[in-house]
Amino acid sequence: MLLRKTLAPVAALLVLAVAAQSPARAETTIICTKPGVPLCMSDTTTFVSADKMAACQFEVKEYVDKTMDYLRCLNEENTSTGQELTRNVERFNCRLSGRNCG
C-alpha cells in the first residue's frame, strides 16, 4: 500500500505520457484534409467577366461543402481521440491499482 501511495505523483505524470504515446493496440485513425481556398478568389480577372464569376461561384460552393466536411471530420476525430484517451487512462489506472485489466 505504501508503494502505491508513493507512486501516486508518478502515476499522474505517467497518465500524461500515456496520452502522448500511440496506443499499443490499433486504433481507428481519422484523416481530415483541409481544403484549399479557391484560387479564383485571388485572381483579379475573376470579377471582370460573368462567366469567370459563375465558375468561381461554383468553386466557392465546393469549397464551402468541403470545409463543412472537414469540420465534421475534425469533430469526429476530436470525439474519437477523447474516447481513446479515456480508455487508455482508465486502463492505466486499473493496472496501477493492481487489478488484472487486460
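**Reading the cross-links**

Modeller: Start with the link of cysteine 40 and cysteine 56, which is right-handed, with 75 degrees about the S-S bond. Cysteine 40 lies in the loop between H1 and H2 and cysteine 56 in helix H2, so the pair ties together parts 16 residues apart in sequence. Keep in mind that this is a predicted model.

Colleague: What is a disulfide?

Modeller: A disulfide is a covalent bond between the sulfur atoms of two cysteines. Here, the sulfur atoms of cysteine 40 and cysteine 56 are 2.1 Å apart.

Colleague: How many disulfides are there?

Modeller: The count is 3. Cysteine 32 pairs with cysteine 73, sulfur to sulfur 2.0 Å. Cysteine 94 is joined to cysteine 101, at 1.6 Å. In sequence order, the bonded cysteines pair 1-4, 2-3, 5-6.

Colleague: Which hand does the link of cysteine 94 and cysteine 101 have?

Modeller: That link is left-handed, with -85 degrees about the S-S bond. The link of cysteine 32 and cysteine 73 is left-handed, with -85 degrees.

Colleague: Is cysteine 101 buried or partly exposed?

Modeller: Cysteine 101 is partly exposed, at 25% relative accessible area. Buried means under 20%, so cysteine 94, at 13%, counts as buried. Cysteine 32 and cysteine 73 are buried too.

Colleague: Where do salt bridges come in, and how many are found?

Modeller: The whole structure has 2. Aspartate 65 bridges to lysine 61, with the closest N and O atoms 2.9 Å apart. Both lie in helix H2, 4 residues apart, about one turn. Arginine 72 bridges to aspartate 69 at 2.5 Å. That pair is 3 residues apart in helix H2.

Definitions and conventions
Residues are numbered from 1 along each chain as its sequence is written. This is a predicted model: local features need pLDDT of at least 70, side-chain atom pairs count only at pLDDT 80 or more; totals for chains, interfaces and linings use all residues. Side-chain values use heavy atoms; hydrogens and water are left out. A salt bridge is a side-chain nitrogen of Lys or Arg within 4 Å of a carboxyl oxygen of Asp or Glu. Helices (H or I, at least four residues) and strands (E, at least two) are DSSP runs, numbered from the N terminus. A disulfide is a pair of cysteine sulfur atoms within 2.5 Å. Buried means under 20% relative accessible area, exposed over 50%, partly exposed in between (1.4 Å probe, protein chains only).
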